[in-house]
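Me: I am new to this structure. Can you walk me through it?

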Amino acid sequence: MKSAVIVFPGSNCDRDCKVAIERSTASSVDMVWHQETALPSGLDLIVLPGGFSYGDYLRCGAMAALSPVMAEVKAAAERGVAVVGICNGFQVLCEAGMLPGALLRNAKLKYICKAVTLDVTNTQTRFSTGYSASREAVMTVGNGEGNFFAEEAELDRIEGEGQVVFRYRDNPNGSARNIAGIVNGKGNVLGLMPHPDRSFEGELGSADGALLFQSALASA
Amino acid sequence: MKAKVHVFLKPGVLDVQGKAIEGAVHTLGFGGVSDVRVGRMIEFDIAGTDRAAVEAEVKTLCDRLLANTVIESYRVELI
């Protein structure tokens with residue numbers, strides 16, 4: 001099993017992701033700088049980590065989405081490699097057009113950092129099979145712009161096609177239809193605002209995040 | 001040529017910053033103020049003399065980077 005974590009200037013959860021994947025799975029993890037024009041061969045999972053790429057200038061994730069490495073991430077996703085964007089990584093995936101919608105300022109304009117309970121509304125995706133029994137997960141959110149937005153018709157479409165994977169039980173940021181995480185149409189690209197990388201063992205308050213990495217790699 | 005690009009959230013997208021400012025404006029007693037929107041203005045120099053061609057180039061740049069057309073609309077001014 002082989003994973004890569006992409007490192008953008010301003011990423012601050014890249015190490016967390018590496019440690020979370022290593023401790024919750026048997027995968028080795030390479031760190032890949034955003035200027036790279038090739039990815040390591042034989043990857044099963046690519047993670048875009050949380051943080052503040054490019055200082056959140058212009059829009060969160062906007063500049064990172066144009067990084068040289070993103071052309072490779074897109075190509076890998078088209079080949080079917082699993083891609084997970086966490087927090088800022090989710091914003092990057094939306095900005096790159098790899099996921100529908102966008103993330104707006106939180107409804108109350110506050111940065112929110114706390115544990116949240118999520119309903120796992122689709123346990124059939126390659127990222128969520130580990131939640132089949134519980135159908136819920138506790139993870140930490142830490143964001144100022146986690147308010148998921150899409151046009152009503154788009155929301156209807158992604159809901160209808162089972163692309164909504166995680167929903168907040170108690171919506172912290174105003175996200176449309178309580179959406180916390182979605183997959184693309186093909187089901188191999190996931191974006192979510194909560195941090196599985198901050199919730200992968202009991203000492204962190206929750207080990208539920210480990211199931212996400214385990215599911216992603218079990219399906220590879 | 002100098003280009004000025006004005007970017008705002010689309011009318012259907014709730015502008016929470018605008019709402020917060022509107023609340024403060026009302027606190028100051030300016031009750032006649034409504035529909036406050038917060039956007040950004042980006043200006044830059046751009047080479048070229050053919051106005052239509054430059055405008056098309058700036059619009060391409062807006063679509064690819066300066067605005068996220070899922071949530072924002074933009075207006076281009078050339079001076």
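Reply: First, a term. A residue is buried if 20 or more other C-beta atoms lie within 10 Å of its own. Note that this is a predicted model.

Me: Which residues of H3(A) are buried?

Reply: Helix H3 of chain A covers residues 88-95 and is mostly covered. Eight of its eight residues are buried. They are Asn88(A), Gly89(A), Phe90(A), Gln91(A), Val92(A), Leu93(A), Cys94(A) and Glu95(A).

Me: What do the buried residues of H3(A) pack against?

Reply: Their partners are strands of chain A. One residue shows part of the picture: Leu93(A) touches Leu48(A), Gly85(A) and Val189(A), among others. The strands are E3 (45-48), E4 (82-86), E5 (102-104) and E11 (189-192).

Me: What radius of gyration does chain A have, and why does it agree with a compact globule?

Reply: The C-alpha trace of chain A spans about 40 × 40 × 35 Å along its principal axes. A compact globule of 220 residues would have a radius of gyration near 17 Å, so the value for chain A agrees. That value is 15 Å.

Technical notes:
Residues are numbered from 1 along each chain as its sequence is written. Chains are lettered from A and ligands numbered from 1 in the order in which they are written. This is a predicted model: local features need pLDDT of at least 70, side-chain atom pairs count only at pLDDT 80 or more; totals for chains, interfaces and linings use all residues. The radius of gyration is taken over C-alpha atoms; the globule rule is 2.2 Å times the number of residues to the power 0.38. A residue is buried if 20 or more other C-beta atoms lie within 10 Å of its own, exposed if 12 or fewer, and partly exposed in between; C-beta atoms are placed from the backbone. Helices (H or I, at least four residues) and strands (E, at least two) are DSSP runs, numbered from the N terminus. Two residues are in contact if their C-beta atoms, placed from the backbone, lie within 7 Å. Lists of a residue's contacts leave out its neighbours within four places in sequence.
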